[in-house]
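Here are my notes on the aromatic contacts of this model. Please read them beside the coordinates.

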Amino acid sequence: MAQKRKKKEGPPVPTTAEPAGAGIFAGMVVCLVENGVQSRRLQIWKHKLEQMGAIVEESPTKRVTHIFAMNSDSLLQKLDGDRLARFQGRVLLYQWLEDSLTSGEKVSEDMYDLKMESESEAESIKHKSSTDKSPKRNVSSDENEEQDEERQSSDHKKPKSFDSRIKANTDDTTKSNESALTFYNPPDLNKNITQIFGKLIDIYRALGDDRRSFSYYKAIPVIEKLPFNIESAEQVKHLPSIGKSLQDHIQEIVTTGKLSKLEHFETDEKVRTISLFGEVWGVGPATALKLYEKGHRSLDDLKNENSLTHAQKVQEMESLLKKAGEEILPGVVIICGGSFRRGKASCGDMDIVITHPDGKSHKGFLQKFVKHLKKIDFLREDLIFSTHSEQDTDSGVDTYFGLCTYPGRELRHRIDFKVYPREIFAFGLIAWTGNDVLNRRLRLLAESKGFRLDDTGLFPATHGSPGKQGTKATASLKFNEEKDVFDFLGFPWLEPHERNL
């Protein structure tokens, strides 16, 4: 018995020397696509994976369960289409790994499936994603229903700015590339439903439940485009992204005019307070919960909270970034997007959009900018760093995601830099200003006119198979200003502060 007791007491000893969350990747056999990733960052990821229970393979052998890549281009440089078609696991963006490490547990994989550009490639990835049989934790029947909803659609990506997750679901053929400036008003005959779902998206995001938030996020554009008023859930039970749980919600809304789940959240002081604090820059779900537990209940209560910085601090940091950028490259344009640009009193992560008017000097700027910001102890940790401007790949967009600190403080905040060529800067600025509702409507409007819209341009779309979205052409239309894009699409111009739809 003494020997058995020693065996049970043994494991805690090495665990104390391991980081929090050790073992969260146990059971995973992964292959890392190195293209587009800094070698140092790749080494860190590999070390973290192995340290926390995963096995790292150099190539996608039969036992590999997950492939990680920066984007579809880098993936296809490593693996050809036939090999991907035979792969039976999941293909994920590296962001899943970063978010899992940050949260200390594996986050849902469904929002990080790597979206392929060509239709055939997307279909192969879609098929593999649907066959995922990784062990699941015990969940409620409601959660199982919402997970079923998620598996109905495979176009997944982290819900931020423009993305390719939402299918057009238009039943007419792709229209000719016309620029009729008829003002766009989406049908949205069921605002009683979409508005409630929109509130639930915000609440679940604030609570850190991205999976549930994403379920409602996918359902809204499907409902928005319906040309009839929903009177019964029976009318939508066969639509994509509307699973059993959401059907029940819809039936309750059309029957009673309200949703008990939302009413519960709105009257729950804890949920209401955490949602409010989640709007403050640098405050995630965990921090919001700690603030609530400390007794804070309003934004005024946070004024004396030394660990936080608020929207006015973001303005000071934007000024710091503009000054630093000007020292490196005179004339550089640096704009803080997101809710800050939309004029909200509080804001989340900093989204910085950058270009240069001459259309060429932006090349190589991000590397110098990041180096300088590290030198002054503004940037503290890299998450993702990929450069394409000098190679003219991936639309020439350079990307940096990292953690920064406000001068004189130690609390770290998420900050993202996107450097665009001047000719596509307007698209990047629209995307990274938001909000999600506006971005979704612009995408759907573009699709209805035969285009594909994302943060790198407006592309004439090729024809897809019946019921499927076509791929985008290689060349984007050119627009100098955001307003030019709105006008071409026939969407009423909105100043940034008017985009909180």
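1. A charge counts as sitting over a ring if NZ of Lys or CZ of Arg is within 6 Å of the ring centre and within 35 degrees of the ring normal. The charged end of Arg-440 meets this over the ring of Tyr-217, 5.8 Å from its centre. Lys-218 lies over the face of Phe-214, at 5.4 Å from the ring centre.

2. The model is predicted, with local features needing pLDDT of at least 70 and side-chain atom pairs counting only at pLDDT 80 or more, while totals for chains, interfaces and linings use all residues. Residues are numbered from 1 along each chain as its sequence is written, and side-chain values use heavy atoms, without hydrogens and water.

3. Rings of Phe, Tyr and Trp (its six-membered ring) pair if their centres lie within 6.5 Å; planes under 30 degrees apart are stacked, over 60 edge-to-face and the rest tilted. The count is 17 aromatic pairs. Trp-45 and Tyr-94 are stacked because their ring centres are 4.3 Å apart and their planes at 10°. Trp-45 belongs to helix α3 (residues 39–51) and Tyr-94 to helix α6 (residues 94–103), 49 residues apart; helices are DSSP runs of H or I with at least four residues, numbered from the N terminus.

4. Both Trp-45 and Tyr-94 are buried, that is, under 20% relative accessible area (1.4 Å probe, protein chains only). One aromatic cluster is formed by Phe-25, Trp-45, Phe-68, Tyr-94 and Trp-96.

5. With centres 5.1 Å apart and planes at 65°, the rings of Phe-197 and Tyr-216 are edge-to-face. Phe-197 is in helix α9 (residues 191–206) and Tyr-216 in helix α10 (residues 210–224), so the pair ties together parts 19 residues apart in sequence. Phe-197 and Tyr-216 are both buried.

Terms used: Helices (H or I, at least four residues) and strands (E, at least two) are DSSP runs, numbered from the N terminus. Buried means under 20% relative accessible area, exposed over 50%, partly exposed in between (1.4 Å probe, protein chains only).
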